[in-house]
Amino acid sequence: DENCGEWNHPASVLYPLNVVVNGVESAVDGTPEIKMALKAEAIFMRAYVTFIMAQFFGMPYDAATAGTDLCVPIIDKASTVGQNFPRKTVEQVYSYVTSQMKEALPDLQDRSEHPYRVFRTTGYAMLGKVLWMMGNYKDALPYLEEAMSALETSGCGLLDYNTITSDGEITYP
């Protein structure tokens, strides 16, 4: 009967993401390109939300025990019925997360004007973070380098806190 925000909020986000993943292609409006981009973003975010849940409710990734350590269920269908969501192993969850992110990455938009939307640059960074958290530094590095390179060429850039004045304004060189 307890309310656990670390579970309830991410779990509530999975339903609308699954609605998009499972239904956007049959939408009557929108170009095929826009539909693919929306589907990719929903697939990517669904994987990232699953990763966040795994951080709270699973053991840290350890290759020696990932195949037996229990983690969170993988919820990849939009359904309001059924309550059988068996827990997966840490290995199954991280394999799902990384494969979903890699599948979605090519179809993410090049850039988004909205700060809460995933686009290709943030996708590279987020996938790099997941691989890094797995201790897979060699595989994480190219994604993190690609994210940094894309930030430099996209004009988005990172906020340099040294450029913020005492009144909160940002000074640009």
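This is a predicted model: local features need pLDDT of at least 70, side-chain atom pairs count only at pLDDT 80 or more; totals for chains, interfaces and linings use all residues.
Residues are numbered from 1 along each chain as its sequence is written, and side-chain values use heavy atoms, without hydrogens or water. Local features need pLDDT of at least 70 and side-chain atom pairs pLDDT 80 or more, whereas totals for chains, interfaces and linings use all residues.

Helices are DSSP runs (H or I, at least four residues), numbered from the N terminus. The axes of α2 (residues 32-57) and α3 (residues 90-104) come within 8 Å and cross at roughly 155°. Axes are lines fitted to C-alpha atoms over the stretch in contact, with angles from 0 to 180 degrees between N-to-C directions. The two helices are therefore roughly antiparallel (angles over 145 degrees). Contacts (heavy atoms within 4.5 Å) involve, among others, Phe44, Ala47 and Phe51 of α2 and Val93, Val97 and Met101 of α3. The contact residues comprise 13 nonpolar, 3 polar and 2 charged.

The largest nonpolar core has 36 residues. Such a core is a set of buried Ala, Val, Leu, Ile, Met, Phe, Trp, Tyr and Cys residues joined through side-chain atoms within 4.5 Å. Phe44, Val93, Val97, Met101 and Val130 have the most contacts inside the core. Its largest share, 10 residues, comes from α2. Valine 97 touches Ala47, Thr50, Phe51 and Val130, not counting residues up to four places away in sequence.

Valine 49 also lies in α2. Valine 49 is buried, with a relative accessible area of 9% (buried means under 20%, 1.4 Å probe, protein chains only). Beyond four places in sequence, Valine 49 touches Pro10, Val13, Leu14 and Leu17.

Terms used:
Angles under 35 degrees count as roughly parallel, over 145 as roughly antiparallel, 65 to 115 as roughly perpendicular and the rest as oblique. Ala, Val, Leu, Ile, Met, Phe, Trp, Tyr, Cys and Pro count as nonpolar, Asp, Glu, Lys and Arg as charged, and the others, Gly among them, as polar. Buried means under 20% relative accessible area, exposed over 50%, partly exposed in between (1.4 Å probe, protein chains only).
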